[in-house]
Amino acid sequence: MKKIIAIVCFMITVQSLLSQININLTVAGRPPARLSDWANRRDVLTLIMGSSQAVRFDVKIKTEIKTLDGTVIGATNLNTAKTYTPLAGASTILNALDVLPLENIVFTGKHQTALLKTGKLPADNYMICVQLVRVPDYAPASAVTCKTFYLAAYQLPTLMLPSNEQELNKSIAQSAITFRWTPVVPASTTPVTYRLLVFEILENQKDVQALRSNQPLLDKNIVGTTQFIWQPQLSMMPYTAAADSLNASPQKGKKFIWTIQTLDNLGQPLNQTDGNGESMSEPKVFFVIDKNVAGKKKE
Amino acid sequence: MNKTIIVLFFLCCATSVIAQVPKVSVSGTMGISYEGYGLDRNPAGWTGYTPRRPWNQVRFNFMPNFQFGKNFSLPFNINLAALPTNFAGPYSGFIPGGPKQNFKQWMTNPVNNIAVNPKYKWAELQLGTQYLRYSELSTGDIGVFGAGFDLKPGQYRIKFFTGTSQPGINYFAGPPLPGITGAFKRNNWMFQIGKEKEDKYEVAFNFAKGKDLISSSAPPPLTIKPQEGFVISMITNVHFNKGWYVKLEGAQSVFTTDLNTASSLLIKSFEPFIKAHTATIRDYAATGSLGKKGKNFDIGISSKYFGAGFQTVGYPYLQPDRLDYTINTKLNTWKNKMNIVASLGQRVNNISNTTLKANQFIGNLNWFTQFNDKWSLNVNYNNFGFQTASGLNPYGIKNVSNDLGISPTYTWSNTKMMHLLSLSYNYSKYDERDVLTGLTTSNNTHTALLTYVPSFFTKDVTPDFSLMYFYNDVPMAKTTLATLSSGLSMPVAKKKVQLRGQLQYNLTKLNSFKSDNNLIASCSVDWKITKQFSWNTYLSTNYFKYGNSVIPAGANYLESTCRTGFQYKFDTKKNK
């Protein structure tokens, strides 16, 4: 009798194991801060669902986002979540679009507020836990698998020198102009490249129009530092002596617009969905003027 | 295409009106200019220096303002370039030899401007490409090709404009490299309603929207996402007696950073203006300033807040998630012989805590004193500091910049001429801390400039001379730069031709490498053929020869720029 009971127990256990689905979750240690960007990149999150021949039921993906102390800050609304039919005896590969469908994830408290305002969660370490549940009773169909990740949005550099609308002395600027900017925050785990771009604003051009339509006078990649000394090798003499010329009068001198484009280690813009999508910092303009002429005119 | 027809229609109307009405005055300018660029690099095949201007470019401008009587004016603003040279933005990659732009793309390319703004009394029609600035937080940076109006009946202000800020551009990988970034077609509209009394008050509401059409480019851009944004703002400006003023603006934006994402019921839409997706964010911004402007004393406090999710299509380069506050002051004293301009401010980045909080301190001081007829002194000091917490790194970022400049000037004269001698010295120190090692790198720069400008009372020749010394010291790199420069300006041919020339020699030395030599020569000839018609020519050449700091040793290049153009100045009023 004992043998029969043991055999029955064994068979039940085996059947139970066979009807479970194995899942394997991988998450990038430092994924994009904007959660909606996860779906655009296949390397951010992958869930491999491997089921045995015995699996004959539909499942839903139950996802929870937790802080490291275990507090759940966001979870799938299973009632509206998509239903999947595992392929018996085969593996299915899913990504962030399936595992973290933002239209079905309900966040709470300050995290919900931050997400609605910014599309990002507050900078912190988080844990994502995934489990498959059966339809319709939501009974567990797989073990819970968790992975931790760190979220912090990159803030692009702020341009410091030359400051906005600063007037530089022609006699110095024609030999050297010092550019300074603040670094990307937080410091990236891989080196970022600061692409320094300087454009001349021609007559009858608006500032941003020059940036969007001219060839840059300087296009320099800089790694590891936030300063560059440019030797322009330009005659800063205005094109014409016409005093009514908008950007090229002796008093106003020449006008330039500069910006920094921040690139990741693959040479791609660091923040592709923030603002202009090109990871270009807010540009600033500066003048190169002949201070002797300007001084005389003032007198 | 319809918009193009409207523009052409107006051009025809304008021409016919001019032909019919005899009393018409015209002001403004028109002209054509050619710019040529040359670069000769040696040894052959060396690519250490890249061209930085288009090889050839022709620009045309037509900007007359036809005034019919007192009430009707017809200003044109047409600026065209023969070749696209776009580098940044969605048009980037349009280069000679690559795929051509179609007519619509050419019309809306920011390198070209085609606009006409007929105005009758308080009503202005706006047609073509317009760079309209409604307010600091709604729209202002981007040119939109379309149609709209600006009405100012009495104290009321009603403005509306709709059009396309960029057409659809297909992604193109190349060759020629770097290919074309591509763009989605973006349609914009903007509306303002308000009341204003000049120099007294202004109250207005602004609405601005832009939306990309997903199907407008095939293949679509690789890195740019289709977006949609809507912003509503309110501005209040009040000017009080004795120069006091208050300026305020508050705004809310609803922005979808990627229209390819799914619609969402969890995020509140702002219908009928914008429907929420999972990539939709909503945030606030505000600016305010308060101060007093006077003849000898100005003081002002200004503050700007941009929430982390605040984005507008009208200012695509705006940096959100920050709080700035600044105090500015200007003082003229000692019978206007002393002038002090100072500002002090702080910027806090990441107020939303979506990344590490960063603090920036910014301080500037410029102090000018005219001691007597001969002596004057200018002192300036700039400081900024930037600091963040360490985050995952052992140390936080800490950058500190200090710049001090002292510039005494001495002038003296006799019966024939006046002399100006100016010395300027600037010391700059920039410290950067490494977040992994905690070590601080100091970057020190010394700059000295001596300028001499003689002015002759009886001659028209104006020469100037300057000598500059520049030294920069960072670990592993010491750079010394010396520049000798001289300029000359003089009128000839009964003052119909203005000649100007400049010669500049630079010597650069990096560490123990052999010195680099650089000679820059430039001149301009401005010939006033008639009162209205002028011919301006500008020539510049730059020869640079490396010592042995680059491979191959002795590499050199000759860069030359030539620009010549005719300009006609309309001025019928003066003729009469």
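Mentor: Across the interface of chain B and chain A the rule finds four salt bridges, a salt bridge being a side-chain nitrogen of Lys or Arg within 4 Å of a carboxyl oxygen of Asp or Glu. One of them joins the side chains of B:R322 and A:E282, with 2.9 Å from N to O. The model is predicted, and local features need pLDDT of at least 70, side-chain atom pairs pLDDT 80 or more, while totals for chains, interfaces and linings use all residues. Side-chain values use heavy atoms, without hydrogens and water, residues are numbered from 1 along each chain as its sequence is written, and chains are lettered from A in the order in which they are written.

In contact (heavy atoms within 4.5 Å) are 113 residues of chain B and 93 residues of chain A. The side of chain B that touches chain A comprises 41 nonpolar, 53 polar and 19 charged residues, with Gly counted as polar. The two chains bury about 8400 Å² between them, 53% of it on carbon and sulfur atoms; this is the accessible area (1.4 Å probe) lost on being put together, summed over both.

On chain B, a nonpolar surface patch of about 990 Å² includes B:W412, B:L484 and B:Y543; patch residues have over 30% relative accessible area and no salt bridge, and nonpolar side chains are joined within 5 Å. Strands are DSSP runs of at least two residues (E), and β24(B) gives the most to this patch, with three residues. B:L484 is found in strand β23 (residues 477-492) of chain B.

How values were computed
Patches are made of residues with over 30% relative accessible area and no salt bridge: like charges are joined within 9 Å, nonpolar side chains (Val, Leu, Ile, Met, Phe, Trp, Tyr) within 5 Å. Accessible areas come from the Shrake-Rupley method with a 1.4 Å probe; for residues, only the protein chains shown count as cover. Helices (H or I, at least four residues) and strands (E, at least two) are DSSP runs, numbered from the N terminus.
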